[in-house]
Amino acid sequence: MGAVPAQVASGAGSAAAGAVARFFRSGRAAPYLLLLPSVVIILAVVALPLVVSLWSSFTPYNLTRPATLFVFVGLRNYEQLIGNADFWWALGRTVVFLTVALNLEMVLGLGLALLINRVTMGRRVLRTVMMFPMMFSPILVGFQFKYIFNDNVGLVNNALSSLGIRQEPIPWLVDAVLAPMCIAIAEIWMSTSVFAILLLAGLLALPNDPIEPAKVDGCNAWQVFRHITLPFLMPFIAIAMTIRSLDVARAYDMVKIMTNGGPAGRTELLWTLIARTGYQNSQMGMANAMGYVSILLSIAFTYYFYRRLMAARRHMDGAE
């Protein structure tokens with residue numbers, strides 16, 4: 001009696017193998033075979049490191065003791081983060097830095113887009129020039145602004161001294177208040193053009209149909225901008241905010257170059273703290289736990305701006 005189930009199982013296996021063989025001999029398998037190298041590369045480059053880093057966040061993994069990668073400690077790393085004051089200060093500074101930088105970039109980018117949109121000659125040249133800052137790497141921008149705000153040979157202190165405004169040099173990158181401001185200025189200078197380009201695209205797509213009747217009805221320029229132009233641009237603003245929030249939340253290069261997290265950790269953001277914990281202190285398990293908390297922060301900002309995008313689209317649909 002036992003031979004019958006075995007024969008049935010053998011027959012089912014042969015039928016499945018035959019179906020797979022027929023599938024690969026047919027033309028339907030070609031797209032999957034062409035995608036297979038990309039899937040393998042993505043799994044090797046993205047999925048595998050993510051799985052390893054997630055696992056290590058539940059271990060006391062130390063770079064100097066590789067065997068600790070295989071010691072499971074559960075949520076101990078995440079529990080220690082709750083009482084880690086350095087982590088919470090870095091997280092708070094990251095949220096403040098992200099909020100200030102994003103809003104100033106949005107306001108300045110909107111202003112640039114409105115100005116360029118009113119230009120009738122040389123608009124293409126202006127768009128090209130406007131893109132220059134975003135073409136520089138963050139490391140190069142960090143070195144550039146580190147020189148600009150240098151205590152002794154910096155351009156800002158030399159300009160203030162030459163104009164007779166102040167003779168004593170200002171410690172821009174050493175002062176606890178001025179150093180975060182200098183990093184924010186560097187970030188805003190580099191990334192405002194991203195907002196300007198996206199919002200300029202929205203202005204170029206803005207239809208004239210609702211604007212002309214509004215002007216005929218007596219609306220001034222501010223009323224047209226407030227009730228027609230700005231609501232139309234809100235989806236573009238939400239998209240730009242989403243893109244930039246993911247970049248600013250991972251800010252590392254410029255902070256590392258300009259201040260290295262100083263003075264006394266006053267400019268240390270979440271990702272500089274993660275790098276110091278993982279590579280200088282060798283506590284890679286704890287660093288990966290911080291990294292996954294920062295991922296939750298990025299998801300929260302992305303969800304918030306996604307809700308804003310959906311609200312703007314519903315508003316536009318209702319206006320139509």
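**Aromatic pairs and a nonpolar patch**

Modeller: Helix 5 (123-130) and helix 6 (132-135) each supply at least two residues of the nonpolar patch, helices being DSSP runs of H or I with at least four residues, numbered from the N terminus. This is a predicted model, in which local features need pLDDT of at least 70 and side-chain atom pairs count only at pLDDT 80 or more, while totals for chains, interfaces and linings use all residues. Residues are numbered from 1 along each chain as its sequence is written, and side-chain values use heavy atoms, with hydrogens and water left out.

Colleague: What makes Met-131 partly exposed?

Modeller: Its relative accessible area is 32%, and partly exposed covers what lies between buried (under 20%) and exposed (over 50%), with a 1.4 Å probe and protein chains only; Met-131 is therefore partly exposed. Met-131 lies in the loop between helix 5 and helix 6.

Colleague: How many aromatic pairs are there, and why is the pair of Trp-55 and Phe-72 called stacked?

Modeller: The count comes to 11 aromatic pairs, where rings of Phe, Tyr and Trp (its six-membered ring) pair if their centres lie within 6.5 Å, and planes under 30 degrees apart count as stacked, over 60 as edge-to-face and the rest as tilted. The centres of Trp-55 and Phe-72 are 5.6 Å apart and their planes stand at 20°, so this pair is stacked.

Colleague: Which parts does the pair tie together?

Modeller: Trp-55 lies in helix 2 (residues 30-56) and Phe-72 in the loop between helix 2 and helix 3 (76-82), so the pair ties together parts that are 17 residues apart in sequence.

Colleague: Why is Phe-72 called exposed?

Modeller: Phe-72 has a relative accessible area of 53%, and is therefore exposed, whereas Trp-55, at 35%, is partly exposed.
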